[in-house]
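Work through the exercises below with the structure open beside you. Try each task before reading its solution.

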Amino acid sequence: MIYLGPAGMPLDAKSTQDGMAILKEEGLNAMEVQFTYGVKTKPETAEDIGRLARKNGIKLSAHAPYYINLNSLDKQTVKKSKMWIYRTAELCDIMDAEIIAFHPGFYHGLEKKVVERNIIRQLRIMLRKIEKESWDVLLGLEVTGKKSAWGTIEDIVDVCKKLDGTIPVVDFAHHHARLGGALKKRTDFEYLFSKYEELGNDMMHCHLSCIKYGDRGEIEHLDLGEGEPDYKPGIPVFKQKKYDIVLIFETAARDKDALLMKKMLGI
Ligand SMILES: [Zn+2]
């Protein structure tokens, strides 16, 4: 089954209650709760969000803060990054959100092997904590759009193979941007899926948008249809999959883009 929904509340929502009802009315069934600029939500609020999501049949995930960097040269930043992820994990457990999406870290001029070792070390610490606290959530390592950030699909799949409790978050626009326009033909989409399928997971969590990019990769996200990639060649690939796929739209048009894609998929 393909689930679709916005990152954050739908555009016309005035409250969480309102937002969930709008999603249901629109025929959407997923939402990524945004903690991108801080994890300030209270546990009681998370409980409400979870209850409303269940009532309206909305599958939840969450995005941890943008400033997370597990490979920072500043030890304090690494420590704080883990704290932000723990706070998000606790809220996810309360809300019944399955995945925490986050951007693992930047290169800072270090060799890939070193960066990976640092990131894996921090992930292991976090996975132990998540297990100890019995938080029912997966760490979602997002494919990143900037070349200065660690996180190609290949590297992320390799790390996820080593660590139970982690899962890639496949950001199609980021993949497209960091490789200077990778998604053009059906086979380009098939490659991304085949990489992901090496893990044998029964679900796939994705971010979809168009994107502006340059020599260094991602510049900014754009609404669907307002630039590259063109998702049309990928449509048959999305449709033929037997496992669950969650498509989250982190664009200004949010739920409107989710609806546009729903129409393109013919579902
Ligand atoms: Zn992200």
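**Exercise 1.** In which hand, left or right, does α2 cross α3?

Solution. The model is predicted.
- Start with the distance: the axes of α2 (residues 43-56) and α3 lie 7 Å apart.
- Next, take the angle, which is about 40°.
- An angle between 35 and 65 degrees is neither roughly parallel nor roughly perpendicular, so α2 is oblique to α3.
- Now list the contact residues: α2 supplies P43, A46, E47, I49, G50 and A53, and α3 supplies L91, I94 and M95.
- Finally, the hand: the crossing of α2 over α3 is right-handed.

**Exercise 2.** Find the strand order of the open sheet of eight strands, and name its edge strands.

Solution. 
- Read the order as β1-β12-β9-β8-β6-β4-β3-β2.
- The pairing is parallel.
- The edges are β1 (2-6) and β2 (30-34), since each pairs on one side only.
- From one strand to the next, the twist averages 30°.

**Exercise 3.** Is β8 (residues 166-171) mostly covered or mostly open?

Solution. 
- Count first: six of its six residues are buried, and the strand is mostly covered.
- In a regular strand, side chains alternate between the two faces of the sheet.
- Look at the neighbours: β6 (residues 138-142) runs parallel to β8 and is joined to it by four bridges.
- There, G140 is partnered by I167.
- β9 (residues 203-208) also pairs with β8 in the parallel sense, over three bridges.
- Here V170 stands opposite C206.

**Exercise 4.** Which residues touch the most other members of the largest nonpolar core?

Solution. 
- The core holds 71 residues.
- M95, I100, V170 and C206 touch the most other members.
- Helix α3 (residues 75-95) gives the largest share, six residues.
- Trace I100: leaving out residues up to four places away in sequence, its contacts include A62, A64, I85, T88 and A89.
- Others among them are C92, V137, L139 and G140.

Note on methods
Residues are numbered from 1 along each chain as its sequence is written. This is a predicted model: local features need pLDDT of at least 70, side-chain atom pairs count only at pLDDT 80 or more; totals for chains, interfaces and linings use all residues. A residue is buried if 20 or more other C-beta atoms lie within 10 Å of its own, exposed if 12 or fewer, and partly exposed in between; C-beta atoms are placed from the backbone. Helices (H or I, at least four residues) and strands (E, at least two) are DSSP runs, numbered from the N terminus. Two strands pair if DSSP finds at least two bridges between them. A nonpolar core is a set of buried Ala, Val, Leu, Ile, Met, Phe, Trp, Tyr and Cys residues joined through C-beta atoms within 7 Å. Two residues are in contact if their C-beta atoms, placed from the backbone, lie within 7 Å. Axes are lines fitted to C-alpha atoms, for helices over the stretch in contact, and angles run from 0 to 180 degrees between N-to-C directions. Angles under 35 degrees count as roughly parallel, over 145 as roughly antiparallel, 65 to 115 as roughly perpendicular and the rest as oblique. A crossing is left-handed if the near helix is turned anticlockwise from the far one by less than a right angle, and right-handed if clockwise.
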